[in-house]
Amino acid sequence: MNLKSKALLLAVLLAGNFSFAQQHSEQDHSKYVAPTDPLVQQKLAKWQDVKFGLLMHWGTYSQWGIVESWSLCPEDEGWCERKGPHSHDWYEYKKAYEDIAKTFNPVKFNPERWAQAAKNAGMKYVVFTTKHHDGFAMFDSKYTDYKITNTPFKTNPKSNVTKEVLSAFRNQGFMTGTYFSKPDWNTEFYWWKYFPPKDRNASYDPKKRPELWNKFKDFTYNQIEELMSDYGSVDILWLDGGWVRPLNTIDPNISWQKSIPYEQDIDMARIAKMARSHQPGLLVVDRTVTGEFENYVTPEQSIPDHYMSIPWESCMTMGDSWSYIPKENFKSTQKLVHTLVDIIAKGGNLLLNVAPGPDGEWHEEAYTRLEEMGKWMNVNGVGIYETKPLAPYRQGKWAYTKKGNTTYAFYLAEAGEKLGTSLKPEGLTMPANAKITLAGNKKVLKMKGGSIEIPAKTATEIGVQPAYLFVIN
């Protein structure tokens, strides 16, 4: 790929990320409906305590290094742009895209390495893409032939990759989640071949073709039931594709939702009841569809600018792209640590995406970032896990959490910034007799004029960090 092509690809990726972030940040969070099932409440509380998770977008699209499934979508948007020798003809392109499955063979697939790296980074839950909008199942579904176990990888003992991923992470003590796309651009029950698709929606009006839509509802139900009954314990059902929803849930104040042309109700009550019959206490996350089946909200590629009292999670990429691209621009460890602290201080969780490549491996740089985050978390995680936000939450370069009678004050340093001799926590009132230490150091620090006094020797012992944690008792 030449320099011009790389620049264009990056622009497309960034345009797509911006749009999706807009889609999920416009949501009216005041309409959140808290779950009433005690088991769901318990699971939600546990999830809120673990704080930090891993998301993985992986499918045949990684072989082309493109923006997930979106190039299949016949919309005139930057992130849907087609590239390559088949791009001139949508039908030819779709066939070529679906033919990737004939050569997809991720022979370096090693979920145990992923799980160990994520655990070492301080992550405690995982959400894996079992099926994106293209309909390619990364699990052995009996309801489609378009699946990972019908590729050259089928002879590999780990060919049912969803089962292997969930098992590897479960063995490391992780909560587990399954990303599942409600729309499916491969099945004729959604993109009916009689009518060519015009956009991301069903290619027909479900009210005019109820028999066809009922087949799609059953198809979706059956695939989700496979995931809920054949893959061990699952904690989260993370549903994407928010345009598949009842018309009465559309918010007219949200721009992208106004473009949904017709009713696409898949009967979430039926799906949730079935899923929880197999997985009691399951968290259901029907993204952007505010109501009883969105147990927590998911701003995408964005962080709210204020504390939110409802359960929420920012899903964000470690690099620029959700899916694998050959040359990724990974965020610095400092940026990633600051992102995590900012989110936790405002009451949320961070779900950080790392994309496996066509060979089944991550970029080595992703492992490096996780290792570096882990070193910081080993010392400072006490102010992250099982904490609650504390007013003023995020103030300038400071962020605050609490646990019991202990206050945790994070100072988000600039790149390479060493601790000075005096720091004043912004917006935080502390008693004069407070006991203050730096995480990783037993030296008790003194207060003077509302500022924390830091001896030069203590600063040297702590060294340069992306963020410094003051523990206040």
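In which strand does proline 392 lie? Proline 392 lies in strand β8, which covers residues 388-395, where strands (E, at least two residues) and helices (H or I, at least four) are DSSP runs numbered from the N terminus.

The model shown in these views is predicted, so local features need a pLDDT of at least 70 and side-chain atom pairs count only at pLDDT 80 or more, while totals for chains, interfaces and linings use all residues. Residues are numbered from 1 along each chain as its sequence is written, and side-chain values use heavy atoms, with hydrogens and water left out.

View 1. The peptide bond from alanine 391 to proline 392 is cis, with omega near 10°. Tyrosine 393, whose place is also in strand β8, has a phi near 65°, which is a positive value in a residue other than glycine. Most residues other than glycine have a negative phi, and most peptide bonds are trans. With a relative accessible area of 23%, tyrosine 393 is partly exposed, a class that lies between buried (under 20% relative accessible area) and exposed (over 50%), as found with a 1.4 Å probe and protein chains only.

**View 2. Aspartate 267 and the helix α7.** Aspartate 267 is placed in the loop between β4 and α7, the helix of residues 268-278. Its phi, near 65°, is positive although the residue is not glycine, and at 29% relative accessibility aspartate 267 counts as partly exposed. In α7 itself, the buried residues are Met268, Ile271, Ala272, Met274, Ala275 and Arg276, and they pack against α2 (38-50), α6, β4 and β5 (283-286).

**View 3. Helices α8 and α9 packed together.** Two packed helices are described by the angle between their axes and the distance between the axes. Helix α8 (residues 333-345) and helix α9 (residues 364-380) pack at an angle of about 55°, with their axes 10 Å apart. That makes α8 oblique to α9, the term for angles that are not under 35 degrees (roughly parallel), over 145 (roughly antiparallel) or 65 to 115 (roughly perpendicular). Thr333, Leu336, Val337, Leu340 and Val341 in α8 meet Arg369, Glu372, Met373, Trp376 and Met377 in α9, where contact means heavy atoms within 4.5 Å.

**View 4. Aspartate 235 and its partner lysine 43.** Aspartate 235 lies in the loop between α6 (210-229) and β4 (236-240), and it is buried, with a relative accessible area of 10%. Its side chain makes a polar contact with the side chain of lysine 43 at 2.6 Å; such a contact is a pair of N or O atoms within 3.5 Å, and within protein one must be able to donate a hydrogen and the other to accept it, while residues adjacent in sequence count only if both atoms are side-chain atoms. Leaving aside neighbours within four places in sequence, aspartate 235 is in contact with residues including Phe174, Met175 and Thr176.

**View 5. Threonine 151 in a loop.** Threonine 151 is found in the loop between β2 (125-131) and α5 (161-170), and with a relative accessible area of 2% it is buried. A polar atom of the threonine 151 side chain lies 2.8 Å from the backbone oxygen of isoleucine 148. When its neighbours within four places in sequence are left aside, threonine 151 is in contact with Ala101, Phe104 and Phe136.

Key
Axes are lines fitted to C-alpha atoms, for helices over the stretch in contact, and angles run from 0 to 180 degrees between N-to-C directions.
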